[in-house]
Amino acid sequence: MGTTINQVLGPQKSASTQVQTTVYSWNGKKYPLRIDHSVAKLCTTIKKMQEGEKPRAQYISVLLCGQSGSGKSTLAQTMIHHISCKNKEPYVIKWFSGKDLHELDNIIDKLEKGLSYIMVFDDVSFIMDFLPSKRKKELAEKLTRIRHDVSGKVITFMNIHYQKALMPMMRDANFRILTSMSDQDSQNWKNTIGWKHRWAIDNFQKQYAYQMAHGSFFINNAGLDGKSYHYTTDKPFRVALCSEISGLHPLVFPATTCAKCSPTKSGYKNMKLTGEQFFKKATKGYKTSARTALRYWYYSTYGDGSVLPKNGRLAYKKIESLAKEYVFDKDELKNLLVDTLSKKSLSTNDTED
Ligand SMILES: [Zn+2]
């Protein structure tokens with residue numbers, strides 16, 4: 001981050017008819033990559049969908065899904081730069097985060113009409129879960145009407161860290177880009193994108209693990225004559241998996257910052273903490289309750305059940321499968337839970353246990 005990067009040079013025809021490669025200049029060196037793995041190509045596709053008097057897609061949605069620190073915000077930023085700053089008609093760029101999503105209708109209603117917007121909703125995992133179902137539906141529907149309300153072109157980015165962390169209507173996107181892949185994610189995405197893509201998904205899981213654990217990753221059969229490319233993590237690329245209409249493909253992306261389109265540091269940017277610092281902050285004042293909450297939060301966010309006690313994990317899995325099997329009155333269940341909660345809190349003081 002922090003470096004303005006010279007952009008992709010012109011395409012070079014490859015010897016094979018299939019693969020076209022290009023190079024990316026960074027810190028005085030040139031890094032080869034396949035054109036169809038580049039952010040430039042992806043963003044050209046997006047721009048073309050919105051070009052002209054009658055664009056094919058007035059509204060385009062991008063879902064970025066991956067663990068904290070896997071590069072969602074970075075990739076959003078890099079894409080925005082390609083889409084907006086390298087465009088004759090730049091977009092108005094708006095960054096939101098977390099609970100701002102609860103105000104989606106107000107936010108949309110306040111936008112000046114007739115302009116083109118890129119709206120980023122960063123870190124919105126499970127944000128919708130706290131809302132009553134009626135309100136959820138209202139907001140999801142507002143999103144489907146956004147192009148009419150704004151009467152201009154709109155691109156939205158939704159950044160979440162786990163596939164199930166956003167209601168289906170909101171995570172249904174034209175472009176789905178995964179910046180990390182756990183075992184749980186792998187199952188979920190195979191179900192969503194299709195088992196015929198299992199090889200690509202498994203392959204990305206390996207690339208991601210390698211990128212994080214060994215500080216480098218390979219893109220196989222990427223270069224001319226089926227060569228592999230070997231990249232050092234963050235110098236300048238990371239790897240993601242992109243699902244778009246034309247199929248599933250790796251995306252190698254650098255971090256691009258730009259005075260024109262980068263968000264100001266205040267407001268949304270995450271402060272870095274160690275795991276232990278986060279644990280202390282998260283459990284301060286509530287001790288046992290917060291520790292339990294943290295375990296379930298971790299499980300529902302990252303899909304890793306090893307953080308739960310055995311019975312808790314079994315109970316959670318049972319609830320998950322029951323919820324898939326049966327249709328039930330959510331509000332009645334809620335009332336029951338709330339009721340038993342107030343009875344419990346009469347007998348035990350839960351805040352400093
Ligand atoms: Zn820019």
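Which residues of helix 1 meet which residues of helix 2? I start there, keeping in mind that this is a predicted model. From helix 1, I listed Val39, Ala40, Cys43, Ile46 and Lys47, and their counterparts in helix 2 are Thr78, Met79, His82 and Ile83. Spacing in such a list makes sense to me, because an α-helix has 3.6 residues a turn and residues three or four places apart point the same way.

**Helix 1 and helix 2**

I then checked the geometry of this pair. The axes of helix 1 (residues 39-49) and helix 2 (residues 72-85) come within 9 Å, and they cross at roughly 55°.

I found it lying across strand 3 (59-65), strand 6, strand 10 and strand 11, and its direction makes about 120° with that of strand 11.

**The whole chain**

Next I stepped back for the totals. The protein has twelve helices and eleven strands. Of its 353 residues, 29% are buried. I also looked at contacts between residues at least 6 apart in sequence: 66% of these join residues at least 24 apart.

In what order do the strands of the open sheet run? I read the order as 4-5-6-3-7-10-11, seven strands with mixed pairing. Strand 4 (92-97) and strand 11 are at the edges with a single partner strand each, so one side of each has no neighbour in the sheet. On average, neighbouring strands here are turned by 20° against each other, direction ignored.

I looked at two pairings in it. Strand 5 (residues 117-122) runs parallel to strand 6 (residues 154-160), with five bridges between them.

Strand 10 (residues 238-244) and strand 11 (residues 247-253) gave me the antiparallel case, with seven bridges. Two residues make the hairpin that links strand 10 to strand 11. Across this pair, Arg238 stands opposite Phe253 of strand 11.

Is strand 11 mostly covered or mostly open? I noted that five of its seven residues are buried, so by the cut-off of 20 or more other C-beta atoms within 10 Å strand 11 is mostly covered. Strand 11 is also an edge strand of the sheet, and helix 1 lies across it.

The loop between strand 9 (229-232) and strand 10 holds Pro236, and the peptide bond from Lys235 to Pro236 is cis, with omega near -5°. Asp234 is in the loop between strand 9 and strand 10 as well. Its phi is near 70°, a positive value in a residue other than glycine. I counted Asp234 as partly exposed, since 15 other C-beta atoms lie within 10 Å.

Ser151 went on my list too, with a positive phi near 40°, and it is not a glycine. I found Ser151 in the loop between helix 5 (146-150) and strand 6. It has 12 C-beta neighbours inside 10 Å and therefore counts as exposed.

**Helix 7 and helix 8**

How are helix 7 and helix 8 placed relative to each other? Helix 7 (residues 183-193) packs on helix 8 (residues 198-213) at about 155°, with the axes 10 Å apart. Angles over 145 degrees count as roughly antiparallel, so that is what I wrote for helix 7 and helix 8. The contact uses Ser186, Trp189 and Lys190 of helix 7, and Arg198, Ile201, Asp202 and Gln205 of helix 8. This crossing is right-handed.

In helix 10 (residues 288-302) I looked up Ala293. Ala293 is partly exposed, because it has 13 C-beta neighbours inside 10 Å. Its C-alpha is 8.9 Å from that of Thr283, ten residues away along the chain.

My last stop was helix 11 (residues 310-325), which has 16 residues and reaches 23 Å from first C-alpha to last, close to the expected 22 Å. How many of the residues of helix 11 are buried? I got zero of the 16, so helix 11 lies largely in the open.

Conventions
Residues numbered from 1 in each chain as written. Predicted model: local features only at pLDDT ≥ 70, side-chain atom pairs only at ≥ 80, totals over all residues. Helix = DSSP H or I, 4+ residues; strand = E, 2+ residues; numbered from the N terminus. Expected span 1.5 Å × (residues − 1). Contact = placed C-beta atoms within 7 Å. Pairing = 2+ DSSP bridges. Axes fitted to C-alpha atoms, helices over the stretch in contact; angles between N-to-C directions. Parallel < 35°, antiparallel > 145°, perpendicular 65-115°, else oblique. Left-handed = near helix turned anticlockwise from the far one by under 90°.
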